[in-house]
Amino acid sequence: TLLFLSADSFHASVWRDGKLGDAQYFSNDSNGREQFSAFLKLHRNPVYMLVDVIEEDFRLETVPHLTGSARKDLLTRKFEQFYRGTPFYQATLLQRHEDGRRDDDMLFSALTNPQRISPWLDTLLANHTPLAGIYSLPNISTPLLRNITSDHVLLLSWEKDAGLRQTYFNNKRLHFSRLTPISSSFSESVSTETPRTQQYLKSLSLPPPGEVLDVFIICHANDKPALQSHLEASSDLRYTYLDIQEIGGRIKAKNAYADSDATPLFLHLLAGKQPSSNYANSEHTHFHLLWQLRRMLFIFAVATAVSGVLWSALSFMQGRNYVSETDPIKAQAEHIRQQTQTIKNTFANTTIPAADMKTAVILSRNLIKYTPPPVEILRDLTLVLDSFTQVKVSKLDWQASAADAAPSAYPAQAINFDGGL
């Protein structure tokens, strides 16, 4: 939701998919604020307020380059010095000097008539509306200079509900802006007010002597001939006409412009990209912070739910793979079980207890160790006699000895043989 506040009017529009909806106006009285409150209940979107009023002050100051709490304290003192009577102020760093102490050039600005904003702001806070910020028209104009190469630019625009806005930029940095109500035609007001602004800038040595002030006028194609007939360039003043429809297409605005009223253009510019600083403080944007937190929690919850679904699906697929891999193993186990059962079925029936059979097997193994088989004895003897090839064995016998063959627990084998060389 985009709000536009000027000296004499206040209206709201809904911006969706690059297109600005119709403006709904509210009168500055109790009935108008009740209607505005009802409008806010129907549109719970984040709100951006654009202000274009005469009571906006700009001050250029050079301050020491500080950081941290020292910088914060310095800015606080400057705000108390310049703008004690309003909570709507901001400070913008223009540039840092490259020599000497390397001080900072700062632009201090404020909306000096808070009573003009407070009634609408109170309605926003009463409805817990997420207010993202309070922006002034000069502060959001910088993106329009993206394709302009001049270092000294005076940007002129006409807002139907506000007047003629003239904003001066030095090296694409905002330095000064003034708003003049229009009592005559657009072209006549431009031809009258531009020389006055030029004289004021000259008193500030802006631009420096010898350099040209480039005046860029945002206008509709139908108003261009009338402007050209009223304006005349000079050696230090040059006019350029910016087609409002062409600018709208460049910033991807989907609205059509019937005249030179640049209000919809600036509202779209604000909706597309907001400056980093604005006139709202933390109390004004409290509900917007809560809205952002709720949105982050919702996104986190959705991401958690999606992750849970994906993890469940992955686990289910892995489970199916495990089942498919288990089936062959189960079949093999069943086959072995059946074979085991078949072998058991072939065993003869016996009445001998299993413990007695186990004892018999153990005794049998011990007897095998107690009396070695003849094959083993003959093999070992043969290996020994192979070392004595001249000995001819004619007779061989062996018997168990009464003594054990230490360290073995079994009896030794005594071997006797007859033979000759």
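Let me begin with a salt bridge between the side chains of aspartate 52 and arginine 165, with an N to O distance of 2.5 Å. Aspartate 52 belongs to strand β6, residues 47–52, and arginine 165 to strand β12, residues 163–170, so this pair ties together parts that lie 113 residues apart in sequence. Both aspartate 52 and arginine 165 are buried. Please bear in mind throughout that this is a predicted model.

How many salt bridges does a search of the whole structure find? The search finds 10. In general terms, side chains of opposite charge can pair when their charged atoms come close.

Two further pairs deserve mention. Arginine 238 forms a salt bridge with aspartate 214, and their closest N and O atoms are 2.5 Å apart. This pair also links distant parts of the chain, as arginine 238 sits in strand β15, residues 237–243, and aspartate 214 in strand β14, residues 213–219, 24 residues apart.

Five strands make up an open sheet of mixed pairing, in the order β13-β12-β11-β14-β15. The edge positions are held by β13 and β15, and each has a single partner strand, so one side of each is left without a neighbour in the sheet. From one strand to the next, the twist averages 20 degrees. Strands β14 and β15 run parallel and are joined by seven bridges; within this pairing, isoleucine 217 has tyrosine 241 of β15 as its bridge partner.

Which helices lie across these strands? Helix α4, residues 186–203, lies across β11, β12, β13, β14 and β15, at about 35 degrees to β12. Helix α7 lies across β11 and β14, at about 115 degrees to β11.

Next, the nonpolar packing. The largest nonpolar core has 35 residues, and Leu50, Leu144, Leu155, Ile218 and Phe266 have the most contacts inside it. Among the elements that give two or more residues to this core are β6, β11, β14 and α7. The largest share, six residues, comes from α7. Leucine 155 touches, among others, Leu144, Arg165, Phe216 and Ile218; Arg165 is the arginine of our opening salt bridge. A second, separate core of 23 residues includes Leu3, Val51, Trp120 and Tyr279.

Finally, consider leucine 154, which is found in strand β11, residues 152–159. With a relative accessible area of 0%, leucine 154 is buried. Beyond its neighbours within four places in sequence, its contacts include Gln166, Thr194, Asp214 and Phe216.

Technical notes:
Residues numbered from 1 in each chain as written. Predicted model: local features only at pLDDT ≥ 70, side-chain atom pairs only at ≥ 80, totals over all residues. Heavy atoms only, no water. Helix = DSSP H or I, 4+ residues; strand = E, 2+ residues; numbered from the N terminus. Buried < 20%, exposed > 50% of the residue type's maximum accessible area, 1.4 Å probe, protein only. Contact = heavy atoms within 4.5 Å. Salt bridge = Lys/Arg side-chain N within 4 Å of Asp/Glu carboxyl O. Core = buried A, V, L, I, M, F, W, Y, C linked by side-chain atoms within 4.5 Å. Pairing = 2+ DSSP bridges. Axes fitted to C-alpha atoms, helices over the stretch in contact; angles between N-to-C directions.
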